Amino acid sequence: MIALERPLSLEHRELRGGEFWRAIPKFRDVDEATFLDWVWQGRNSVKTADELIETIKDLAPPAFIEDARAGFAQAPMAVRVSPYMLSLIDWSDPHRDPIRRQFIPLRSALRPDHPRLTLDSLHEQKDAPVPGLTHRYGDKALFIALQTCPVYCRFCTRSYAIGPDTGDVEKVHLTTPAEWQRIFDYIASRPELEDIVISGGDAYQLPAKSIALIGEALLAIPHVRRMRVATKGPAVMPMKLLTDDAWVGALTKVVAEGRRLGKEVAVHTHFNHPSEITQITQRAMQRLFEAGVYVRNQSVLIRGVNDDERTMALLVKRLSYVNVHPYYVYMHDLVKGVEDLRTSIGRAIEIEKYVRGSTAGFNTPTFVCDAPGGGGKRDVHSFEYYDRENGIAVYTAPSVKPGKYFLYFDPIQDLESPAQARWADPRAVETMIDSALERAGAQPGEAVEA
Ligand SMILES: *Cc1c(COP(=O)(O)O)cnc(C)c1O
Ligand code: SF4
């Protein structure tokens with residue numbers, strides 16, 4: 001058990017302010033107006049090891065720089081870190097820092113991939129009736145409008161498609177604006193579709209005119225009742241909401257037009273750690289709040305970032321404090337090259353138990369596992385069977401893929417050594433999986449998606 005020495009205090013209200021970026025050598029002379037300029041943030045984002053060194057100079061120990069250089073070279077995901085994020089990293093201890101862990105790969109952290117990992121583990125492409133639209137659930141669909149983001153997360157589920165090619169992964173092409181019309185036509189042809197997620201990539205990267213175009217096209221479809229604009233932007237570059245008036249204007253116009261039509265248009269964002277929320281975030285969220293834009297948050301449960309009770313509870317309270325609604329905490333998907341970041345279903349359940357009760361029920365996120373193989377999101381607690389010893393959870397999804405079974409695997413590094421040895425033996429692996437399925441109630445030969 002984790003020792004929880006003191007109850008959560010008022011720490012969630014202590015938001016970082018001041019010109020904290022000036023601690024970074026390259027930003028020493030940057031004034032507030034410049035730091036808040038979203039164009040400046042984009043231009044000064046770090047994409048290579050050399051740019052990292054040029055920005056932080058001797059803030060980090062040389063051993064860290066070498067480790068990062070090797071990490072950049074091997075990562076399946078491209079690197080891009082905003083000056084805002086770089087300024088929030090504790091450079092006296094970058095190995096352990098929760099923001100560094102999310103964005104800057106280190107060779108020393110590399111772990112072998114799980115043997116059951118595949119590149120598009122959620123089958124987003126298999127469930128796509130037209131390129132760029134995943135229609136898995138009855139009434140809702142996921143529109144992947146673009147393939148770039150203001151920052152790149154090491155753990156991205158869509159590392160098969162998002163960002164520029166890396167040495168390891170040649171990215172799948174999804175859509176360009178010229179191809180969106182096919183997607184709108186498909187949505188219009190499916191009267192059951194009420195809810196569209198506009199994602200990517202990241203909607204922050206869409207020009208204001210594309211936000212307006214997509215918003216208008218979807219609002220014009222009578223059966224579309226709800227839309228969510230998905231962007232990690234508020235977490236990684238909140239100042240864009242203070243200085244990109246064209247983008248904010250396009251968004252608030254779509255929201256207001258939706259409200260006039262009785263349709264909800266919300267923003268879904270992605271904060272993972274309480275220190276990502278500063279006074280700049282608070283100002284940015286206040287601008288959206290005043291404009292009547294509802295913001296929900298979807299976190300990923302990440303080892304060394306937010307996989308402890310206090311950090312997660314603090315994140316939830318701090319989000320609530322700036323009027324961001326904590327909606328989901330996801331199990332980390334089985335993604336190539338980031339096995340050091342995953343945690344187990346068992347840990348998720350323990351953390352959830354602590355978070356629930358720490359604040360309002362409507363601000364308490366649901367902990368979900370997006371079932372590999374396309375089962376969709378499942379409440380982590382709802383497994384049919386969970387073999388904790390071997391780290392195998394079996395889920396079903398009766399309204400999504402009736403009659404099918406879905407497997408999620410805990411990271412092998414967390415298991416006791418006899419279980420680790422079984423995972424190294426392909427015949428033992430088959431036996432473990434068959435036995436978990438049998439205990440979950442699957443009949444021999446019943447379909448398993450993987
Ligand atoms: C997550 C997701 C959605 C939205 O699901 P909610 O549970 O309503 O947030 C829709 N389509 C796909 C393919 C998704 O992955
Ligand atoms: S912002 Fe979202 S889509 Fe972009 S890299 Fe991060 S997780 Fe992937």
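In this predicted model, strand 5 (residues 264-269) and strand 6 (residues 295-300) run parallel and are joined by three bridges. Arg 296 in strand 6 is the bridge partner of His 268, and Thr 269 stands opposite Asn 297. On its way through helix 12 (residues 279-290), the chain makes a right-handed β-α-β unit with strands 5 and 6.

Strand 6 also pairs with strand 7 (residues 324-330), again in the parallel sense, over six bridges. Here Ser 299 has Val 329 as its bridge partner. The crossover from strand 6 to strand 7 passes through helix 13 (residues 309-321) and is right-handed.

The residue pairs named above are listed here.

| Residue in strand 6 | Partner residue | Relation |
|---|---|---|
| Arg 296 | His 268 | bridge partner |

Six of the six residues of strand 6 are buried. In a regular strand the side chains alternate between the two faces of the sheet. Val 295, Asn 297 and Ser 299 point one way, while Arg 296, Gln 298 and Val 300 point the other way.

These strands belong to an open sheet of nine strands with mixed pairing, in the order 1-2-3-4-5-6-7-8-9. Strand 1 (133-134) and strand 9 (376-379) each have a single partner strand, so one side of each lacks a neighbour in the sheet.

The largest nonpolar core has 115 residues, and Leu 52, Trp 91, Ile 104, Phe 143 and Ile 345 touch the most other members. Helix 11 (residues 245-260) gives the largest share, six residues. Domain 1 (8-108) and domain 2 (133-382) each supply at least three residues to this core. A second, separate core of 16 residues includes Phe 409 and Met 432.

Terms used
Residues are numbered from 1 along each chain as its sequence is written. Chains are lettered from A and ligands numbered from 1 in the order in which they are written. This is a predicted model: local features need pLDDT of at least 70, side-chain atom pairs count only at pLDDT 80 or more; totals for chains, interfaces and linings use all residues. Side-chain values use heavy atoms; hydrogens and water are left out. Two strands pair if DSSP finds at least two bridges between them. Helices (H or I, at least four residues) and strands (E, at least two) are DSSP runs, numbered from the N terminus. A nonpolar core is a set of buried Ala, Val, Leu, Ile, Met, Phe, Trp, Tyr and Cys residues joined through side-chain atoms within 4.5 Å. Buried means under 20% relative accessible area, exposed over 50%, partly exposed in between (1.4 Å probe, protein chains only). Domain bounds come from an automatic or database domain assignment. A crossover is right-handed if, with the strands pointing away from the viewer, the path from the first strand over the helix to the second runs clockwise.
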